[in-house]
Amino acid sequence: MAANGFPDSAEFEVLMGLPIAELEALAGSGDIQAANILDYRRLRRDPASQDAVRSLFDRAVSGELFPLQLLAWHYLQQPDRESQVVASAYHRVLALRGYYNGLYANTLIASGFTDGQRFASEVYSLVIYNDLMRARIERFGTPFPVNPRPGMDQLFASAQAMIHETEPSTSP
């Protein structure tokens, strides 16, 4: 998790509890975790802060997954349905980038969606993923590497088992 930009739970709690001025100082000195949490807290204070959204997205272009998680959490906390759709889409993008827990979160969020909202979430996830990939190629000259995270084989086996559980029995 740390290799993908996720802080451990103790570090997360400490950074969330720091005064903004201290977070700004840490972020200014190059602490990526402090910068991520600073942007997230800015979004909590001002949900319309496009600077914070762009900053988190920019760090995700570098390969970190935690900024995408923070964006998903931000949109999930907004009261409007479109934000919920965007939160679902960010979780789907997290899964596409190898953070498979994003699939579970996406499924839970989308369970209350209409068919149209589920479709919209899929479209949003394509747009977000394409924007992320385009920015990655522009900055580094190559797309994200294919790098399945641990757990993909187990996830796939679980998905196959769920399919077979729901198949109608062919025996009399």
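Visitor: Is Leu-70 buried or exposed?
Guide: In this predicted model, Leu-70 counts as buried because its relative accessible area is 0%, and buried means under 20%.

Visitor: Where is Leu-70 placed?
Guide: Leu-70 is in helix α5.

Visitor: What is Leu-70 in contact with, leaving aside its neighbours within four places in sequence?
Guide: The contacts of Leu-70 beyond those neighbours are Asn-36, Ile-37, Tyr-40 and Leu-56.

Visitor: How far apart are Leu-70 and Val-53?
Guide: They are separated by 17 residues in sequence, and their C-alpha atoms are 9.5 Å apart in space.

Visitor: At what angle do α4 and α5 pack?
Guide: The angle between helix α4 (residues 50-61) and helix α5 (residues 66-76) is about 145°, and their axes are 8 Å apart.

Visitor: Which residues meet there, between α4 and α5?
Guide: From α4 come Val-53, Leu-56, Phe-57, Arg-59 and Ala-60; from α5 come Pro-67, Leu-68, Leu-70, Leu-71 and Tyr-75. By class, the residues of this contact are 9 nonpolar, no polar and 1 charged.

Visitor: What does Leu-71 contact, its neighbours within four places in sequence aside?
Guide: Leu-71 is in contact with Leu-43, Val-53, Leu-56, Phe-57 and Tyr-90.

Visitor: Now the core. How many residues has the largest nonpolar core?
Guide: That core has 38 residues, and those with the most contacts inside it are Leu-23, Leu-68, Leu-71, Tyr-75, Tyr-90 and Leu-132. At least two residues each are supplied by α1 (9-17), α3 (32-45), α4, α5, α6, α7 (101-110) and α8 (115-140).

Visitor: Which of them gives the largest share of this core?
Guide: Helix α6 does, with 7 residues.

Visitor: Staying with helix α6, why is Ser-83 called buried?
Guide: Ser-83, which is found in helix α6 (residues 81-96), is called buried because its relative accessible area is 10%, below the limit of 20%. Not counting residues up to four places away in sequence, Ser-83 touches Tyr-75, Leu-76 and Gln-78.

Visitor: And Gln-84, buried or exposed?
Guide: Gln-84, also found in helix α6, is buried, with a relative accessible area of 15%.

Visitor: What lies 3.0 Å from a polar atom of the Gln-84 side chain?
Guide: The backbone oxygen of Leu-76 lies at that distance. With residues up to four places away in sequence not counted, Gln-84 touches Tyr-75, Leu-76, Gln-78, Ile-109 and Phe-113.

Key. Residues are numbered from 1 along each chain as its sequence is written. This is a predicted model: local features need pLDDT of at least 70, side-chain atom pairs count only at pLDDT 80 or more; totals for chains, interfaces and linings use all residues. Side-chain values use heavy atoms; hydrogens and water are left out. Axes are lines fitted to C-alpha atoms, for helices over the stretch in contact, and angles run from 0 to 180 degrees between N-to-C directions. Helices (H or I, at least four residues) and strands (E, at least two) are DSSP runs, numbered from the N terminus. Contact means heavy atoms within 4.5 Å. Ala, Val, Leu, Ile, Met, Phe, Trp, Tyr, Cys and Pro count as nonpolar, Asp, Glu, Lys and Arg as charged, and the others, Gly among them, as polar. Buried means under 20% relative accessible area, exposed over 50%, partly exposed in between (1.4 Å probe, protein chains only). A nonpolar core is a set of buried Ala, Val, Leu, Ile, Met, Phe, Trp, Tyr and Cys residues joined through side-chain atoms within 4.5 Å. A polar contact is a pair of N or O atoms within 3.5 Å; within protein, one must be able to donate a hydrogen and the other to accept it, and residues adjacent in sequence count only if both atoms are side-chain atoms.
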